[in-house]
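Please look over the structure shown below, keeping its sequence at hand. The report that follows takes up cavities and helix packing in turn.

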Amino acid sequence: MPTNIPAGLKSSPQKFTFEQGRDLYRSGRFTEAVELWQKTAQQYQQQGDRLNQALSLSYLSLTYQELNQWETAQQAIQQSLTLLKTAAPPADAILWAQALNTQASLQLNLGQAEAALNNWQQAQKYYQQAGDTLGSVGSQINQAQALQSLGFYRRAKQLLEGLTQTLTALPDSDVKISGFRSLGLALQTFGDASKSQRVFTQGLAIAQKLDAKPQFSSLLLGLGKTAADLRQPDAALNYFEQAEQVAANPGEELQARLARFNLFLDYNKPEHVVSLAPQLLQQLQQLPPSHTTLYQAVNFTAAINRLNHPAQVLPLQDLSALMATTVQSAQRIQDAPAEAYALYQWGQLYQRTQQWAEAKQLMQRSLTIARQRQAADIVAQAAWRLGQIHAQTGNHTEAIAAYLEAIQALKSLRADLVAINTDVQFSFRESVEPVYRELVALLLDNQPSQANLVQARELIESLQVAELDNFFREACLDKTQQIDQVDPTATIVYPIILPDRLAVILSTTGQPLRYYVTPKSHAEVDQTLSDLLVALNPVSDSKVRDRLSQQVYDWLIRPAEADQALQNTKTLVFVLDGRLRNIPMAALYDGQHYLIEKYAVALSPGLQLMAARPLQQTGISAIIGGISQPHVGFSALPAVETEVQDIAQTIPAAKLLNQEFTSAALADRVKNNSANVVHLATHGQFSSRMEDTFLLTWDGKVSVKELAELLQNRGSASQGIELLVLSACDTATGDERAVLGLAGLAVKSGARSTIAALWPVKDKAAALLMTRFYAQLRIAGSTKAEALRQAQLHLIQHTDFHDPFFWSTFVLVGNWL
């Protein structure tokens, strides 16, 4: 509801009437507000006052929208616009601005985001023409909402961030509250949960100060979702319950209840899920159709559809009937995307009951709508499910074609894959990764041809890219040269964990791809890898460790050696999958020797993500930073000081130790120093969650994204960083995707190679290994992978740190040359 009163309404009784209506609206008394606006519009009509009648009808439409009365809202705003066009004297800019603002709000609610965006852009011009800063800012905030609905998340975020300073400086108002809410939602979409939480809190404080009750529920809902993102379920539940209690209309109440429902699903609370589901179903059936309520119905069905046994929550026929009604409602209000999504969920219900013909027909209808609208996100999902149906009914060729269409759609979505449509919970783990894996499984059925092997390898590479895009929540990784083509002594190993087998593709320059397969269930592979990770602890039984390590060796390496495929191989480069990422390949055991005793070992997040230029040993120089003293709750690393000093004696280096090692000092050295190696000996953690991946400097934690940007910020005279070494970091315990943080940093920072630890070890062992590594690196002709190998062999053969726990934790990610 606009808070300003147009210039022509400065006198009583008009001014009083409009302020009274505004107050009723703000306090959530929408029915009373409707009665007031209806009466006011009739009075102005009798007086022949077209301008005031138009304004009353505009406010009436806005209030109808709060009550989900879309048809009457549409009639009111159309009548208002007609009056403005025919009024004499002509309507001033502020009246046009507010009418267009109301129409755009209705259009967004009805799923017409593009029309809404155009109207809000026009409204902004009118507000600027009238000199109304508050109105202009409000229109831009609304434009950001429309942009998000259209999938232009980056544009929305940029627009809102550009408004932040203006917004903060504005006096407290409804518009300012809406601005903070929209910014909070944008930050939430991009995964910046902490900043989102701060923004929502600011907005709520202003709403409470102004007693802006219609804003309470949406802000509390935002805070609840942010708390859920931060893994604070109790706080999230509290916010959702508050949001439901203060909801100003049934739609907001439903939204809060749905959020609670999803939280219970996420935290496996079946008793709450089962009791809440029928209430939600009844509410969804009763609310009049709108863009919002249609997506709520789809979202509700999608949430239950993700369960292994959805019928334990609600009968599938009830969900099917809900989706049938949703499809009809979407057709009635002409919301084609909602129709396509509803058809998709409806088809999944039939797929579950193996009613293949019905499932296929619904998925095909969904896909047809999605193609017509060029809605790549819906194409990706509907084509994927259609592929599954074809595969389940034995249509192998049609299945592969459908999967390929889904993959192509996903690739076209790279720029916004992280947040395609929050209304339907587009999840990477649930909606992206399986598409790649299931197609790879189809291609590798029976005896795959070379063409199928090549395609499967490309898909695994593409999945790596998609995972890293998802980690950083932006498409930031550009392909470069296929690096395996420049090192004939390297063999690339692609292990692929499939539901019923462990497949391995081997790639060597100039040779056909080789393929080996071991029939093992996904569960058995996972259990073996988990047991091996535990057994690598030095307090574990070494015989158990060797047995498990040899088992994995037999899966990944033994078939290739028996086939004499590794005769001329010096370096094994692993593009790892799933839980394999947390296993140090160097420590695999053949019964007599560790893998590192036979080959240099490197990891890659995808060979097309790296530049192929080898390191020039003659020009090695480093920036070395570290913290040896206990600091802000982290323990001391006393050997770090020795490590820094020893490396500085081995290669030319600029040092930053303890208090000197601040983020600003590091940024300054990186920008103004031509060093090609950055070595950081400090606490840190890698995680599959970007917000939990950080590095410790003296002045606090530096996020992985901040560190990547810092390392990229080099002066014009400096080259890119050849090697980034993180010698005291570790991966998040129990997080099978924690190495994503390491791989993500390796690629995003622009460093051609990264060395880091999978788990923390004694800092003395780290210091010995690192000093030896740099000495080896200076030897002419040595690759980074071979230098790390020699340093690890030195610990095995000449120190007390010969247990794999101490030396195998260090892994090289990226360019191994």
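Which element gives the most to the lining of the second largest cavity? Helix H32 does, with four residues.

## Basis of the report

This is a predicted model, in which local features need pLDDT of at least 70 and side-chain atom pairs count only at pLDDT 80 or more, while totals for chains, interfaces and linings use all residues. Residues are numbered from 1 along each chain as its sequence is written, and side-chain values use heavy atoms, with hydrogens and water left out. Helices (H or I, at least four residues) and strands (E, at least two) are DSSP runs, numbered from the N terminus.

## The cavities

Rolling a probe the size of a water molecule over the atoms shows where empty space is left. A cavity is a set of points, on a 1 Å grid over the protein atoms alone, where a 1.4 Å probe fits but cannot get out, and its lining residues have an atom within 4 Å of a point. Grid points are joined across faces, edges and corners, and a volume is the space filled by probe spheres set on the points. By this rule there are four cavities of 30 Å³ or more.

The largest cavity has a volume of about 130 Å³, and its lining includes Gln464, Phe574, Arg581 and Val813. Helix H23 (450-472) and helix H30 (739-748) are the elements that give two or more residues to this lining, and H30 gives the most, with three residues. The lining of the largest cavity divides into nine nonpolar, two polar and one charged residues, where Ala, Val, Leu, Ile, Met, Phe, Trp, Tyr, Cys and Pro count as nonpolar, Asp, Glu, Lys and Arg as charged, and the others, Gly among them, as polar.

The second largest cavity has a volume of about 100 Å³. Of the 15 residues that line the second largest cavity, Ala586, Val601, Phe810, Val811 and Leu812 are the closest to its centre. Two or more residues each come from strand S5 (600-603), helix H32 (784-798) and strand S15 (810-814). By class, this second lining has 12 nonpolar, two polar and one charged residues.

Two packed helices are described by the angle between their axes and the distance between the axes. Axes are lines fitted to C-alpha atoms, for helices over the stretch in contact, and angles run from 0 to 180 degrees between N-to-C directions. Helix H10 (residues 193-210) packs against helix H11 (residues 213-229) at an angle of about 160°, with their axes 9 Å apart. That makes H10 roughly antiparallel to H11, a term for angles over 145 degrees.

The contact of H9 with H10 has 10 nonpolar, five polar and four charged residues.

## Helices H4 and H5

Helix H4 (residues 70-86) and helix H5 (residues 93-109) have axes that come within 10 Å and cross at roughly 155°, so H4 and H5 are roughly antiparallel to each other. Where H4 and H5 meet, the residues include Trp70 and Ile77 in H4 and Trp96 and Leu106 in H5.

Conventions: Parallel < 35°, antiparallel > 145°, perpendicular 65-115°, else oblique. 1 Å grid on protein atoms, 1.4 Å probe; cavity = no way out; pocket = protein on both sides within 12 Å on 5 of 7 lines; lining within 4 Å. Contact = heavy atoms within 4.5 Å.
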